Amino acid sequence: MMAEPWQALRLLLAILLTLMALTYQARKKTFLSVHEVMAIENYAKDSLQWITDQYNKESDDKYLFKIFRVLKVQKRITDHLEYHLNVEMQRTTCQKPETTNCVPQEGELHKQVNCFFSVFAIPWFEQYKILNKTCSSN
């Protein structure tokens with residue numbers, strides 16, 4: 001008869017641990033898909049344009065920067081899209097807000113930055129947010 005209370009307690013403990021594990025899983029972000037995509041994919045292309053615009057808005061430089069090489073684009077799908085973008089940007093000959101015929105600067109005004117952006121994206125509602133940004137000059 002003494003074994004029955006212990007069995008009930010073990011069962012109760014097992015139920016509590018299961019509920020805690022399920023609650024943790026519900027809060028944890030679950031990736032449905034993670035894969036590399038081409039930079040010309042519609043939503044990736046939109047995200048690349050958006051990060052270029054954001055970079056130029058935040059930059060104190062009087063010249064625009066433009067992405068001249070996309071190194072890697074990774075798309076993560078959850079309840080939204082997340083793009084991880086590795087790009088090479090260069091200072092152009094265009095001064096803000098000019099945007100036509102922008103070619104890379106040469107000589108002493110040449111500047112290149114390699115950037116990694118992690119972007120929260122709901123492109124069908126045109127909602128974007130930079131989650132992480134790391135840039136380094138070459």
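Are C94 and C102 buried or exposed, and which views show the other features of this predicted model? Both C94 and C102 are buried.

**View 1. The disulfide between C94 and C102.** The sulfur atoms of C94 and C102 are joined in a disulfide, with an S to S distance of 2.0 Å. The torsion about this S-S bond is about -110°, so the disulfide is left-handed. Two disulfides are counted in the model. With the bonded cysteines of the chain numbered in sequence order, the pairing reads 1-2, 3-4.

**View 2. The disulfide between C115 and C135.** The sulfur atoms of C115 and C135 lie 2.1 Å apart and form a disulfide. Here the torsion about the S-S bond is about 115°, so the disulfide is right-handed. C115 belongs to strand 4 and C135 to strand 5, so the pair ties together parts that are 20 residues apart in sequence. C115 counts as buried because its relative accessibility is 3%. C135 has a relative accessible area of 31% and is therefore partly exposed.

**View 3. The largest nonpolar core.** This core has 20 residues, and I51, Y83, L85, M89 and F117 are the ones that touch the most other members. At least two residues of the core come from each of helix 2 (42-58), strand 2 (63-77), strand 3 (81-95) and strand 4.

**View 4. The surroundings of M89.** Residues up to four places away in sequence are not counted in this view. M89 touches T52, Y55, F65, K66 and I67, among others. Its contacts also include K111, Q112, V113, C115 and F117. M89 and F117 are both among the core residues that touch the most other members.

**View 5. T92 in strand 3.** T92 is found in strand 3. Its relative accessibility is 1%, so T92 counts as buried. Neighbours within four places in sequence are left aside here. The residues in contact with T92 include Y63, L64, F65, K66 and F68. C102, V103, P104 and Q105 are also in contact with T92. Of these, C102 is the disulfide partner of C94.

View 6. Y43, W124 and F125 make a nonpolar surface patch of about 360 Å². W124 sits in the loop between strand 4 (112-122) and strand 5 (127-137).

Methods: Residues numbered from 1 in each chain as written. Predicted model: local features only at pLDDT ≥ 70, side-chain atom pairs only at ≥ 80, totals over all residues. Heavy atoms only, no water. Patch = residues over 30% accessible without salt bridge, like charges linked within 9 Å, V, L, I, M, F, W, Y side chains within 5 Å. Areas by Shrake-Rupley, 256 points an atom, 1.4 Å probe, with all protein chains shown as cover. Salt bridge = Lys/Arg side-chain N within 4 Å of Asp/Glu carboxyl O. Helix = DSSP H or I, 4+ residues; strand = E, 2+ residues; numbered from the N terminus. Core = buried A, V, L, I, M, F, W, Y, C linked by side-chain atoms within 4.5 Å. Buried < 20%, exposed > 50% of the residue type's maximum accessible area, 1.4 Å probe, protein only. Contact = heavy atoms within 4.5 Å. Disulfide = S-S within 2.5 Å.
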